Amino acid sequence: MSGKNWAPGFIELTRKIGGTYWIQIAEIGRFELGVWGEMGGSYITLKGTEDERFVVETPEQIAELIRENWEMR
């Protein structure tokens, strides 16, 4: 997590392949734990799509980012 400025309704996630991207909170349909060697992470599926992405953050970290974003609104 890079700590960029806050954006209402979005969370910033770290791609496993490098770099980051912003995802709308409402678009996350499901996430589940994934494993890459010694590094964990999460598979994110966007709502209404089959678009699956692998991010470094765990489901717990993603839930915390969502909670923090709602609290800052």
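**Why is it called that? Questions about a predicted fold**

Going along the sequence, the protein runs β-β-β-β-β-α. This is a predicted model, where local features need pLDDT of at least 70 and side-chain atom pairs count only at pLDDT 80 or more, while totals for chains, interfaces and linings use all residues. Residues are numbered from 1 along each chain as its sequence is written, and side-chain values use heavy atoms, with hydrogens and water left out.

Me: How many helices and strands does the protein have, and what makes a run count as one or the other?

Reply: There are five strands and one helix.

Me: Which residues does Ile23 touch, leaving aside its neighbours within four places in sequence?

Reply: Gly9, Phe10, Ile11, Leu13, Ile28, Ile44 and Leu46 are in contact with Ile23. Contact here means heavy atoms within 4.5 Å. Leu13 is ten residues from Ile23 along the chain, and their C-alpha atoms are 7.4 Å apart.

Me: What makes a group of residues a nonpolar core, and which residues are in the largest one?

Reply: The members must be buried Ala, Val, Leu, Ile, Met, Phe, Trp, Tyr or Cys residues, joined through side-chain atoms within 4.5 Å. The largest such core has twelve residues: Ile11, Leu13, Tyr21, Ile23, Ile25, Ile28, Ile44, Leu46, Val55, Ile62, Leu65 and Ile66. H1 gives the most, with three residues. In soluble globular proteins, nonpolar side chains tend to be buried together.

Me: And Tyr21, which residues does it touch beyond four places away in sequence?

Reply: Tyr21 touches Ile11, Glu12, Leu13, Arg15, Arg53 and Val55.

Me: What about Glu12: buried or exposed?

Reply: Glu12 comes out at 8% relative accessibility, so it is buried. This residue lies in strand S1. The side chains of Glu12 and Thr20 are joined by a polar contact of 3.0 Å.

Me: Why does that pair count as a polar contact?

Reply: A polar contact is a pair of N or O atoms within 3.5 Å; within protein, one must be able to donate a hydrogen and the other to accept it, and residues adjacent in sequence count only if both atoms are side-chain atoms. At 3.0 Å, Glu12 and Thr20 are inside the cut-off. Ser42, in strand S4, is buried at a relative accessible area of 0%. A polar atom of the Ser42 side chain lies 2.6 Å from the backbone oxygen of Glu57.

Me: How do you know that Glu64 and Arg67 form a salt bridge?

Reply: Their closest N and O atoms are 2.2 Å apart, and a salt bridge needs a side-chain nitrogen of Lys or Arg within 4 Å of a carboxyl oxygen of Asp or Glu. The two residues are three apart in helix H1, so about one helical turn separates them. Glu64 is partly exposed at 31%, and Arg67 is partly exposed at 36%.

Me: How many salt bridges does the structure hold?

Reply: Two. Glu71 also forms one with Arg67, with closest N and O atoms 2.4 Å apart. Glu71 is exposed, because its relative accessible area is 57%. Shared partners join Glu64, Arg67 and Glu71 into one network.

Me: What makes Tyr43 and Phe54 an aromatic pair, and what kind is it?

Reply: Rings of Phe, Tyr and Trp (its six-membered ring) pair if their centres lie within 6.5 Å; planes under 30 degrees apart are stacked, over 60 edge-to-face, and the rest tilted. By this rule there is one aromatic pair. Tyr43 and Phe54 are 4.5 Å centre to centre with 70° between the planes, so the pair is edge-to-face. The pair links distant parts of the chain, eleven residues apart, with Tyr43 in strand S4 and Phe54 in strand S5 (residues 52-55). Tyr43 is partly exposed at 27%, whereas Phe54 is buried at 11%.

How values were computed
Helices (H or I, at least four residues) and strands (E, at least two) are DSSP runs, numbered from the N terminus. Buried means under 20% relative accessible area, exposed over 50%, partly exposed in between (1.4 Å probe, protein chains only).
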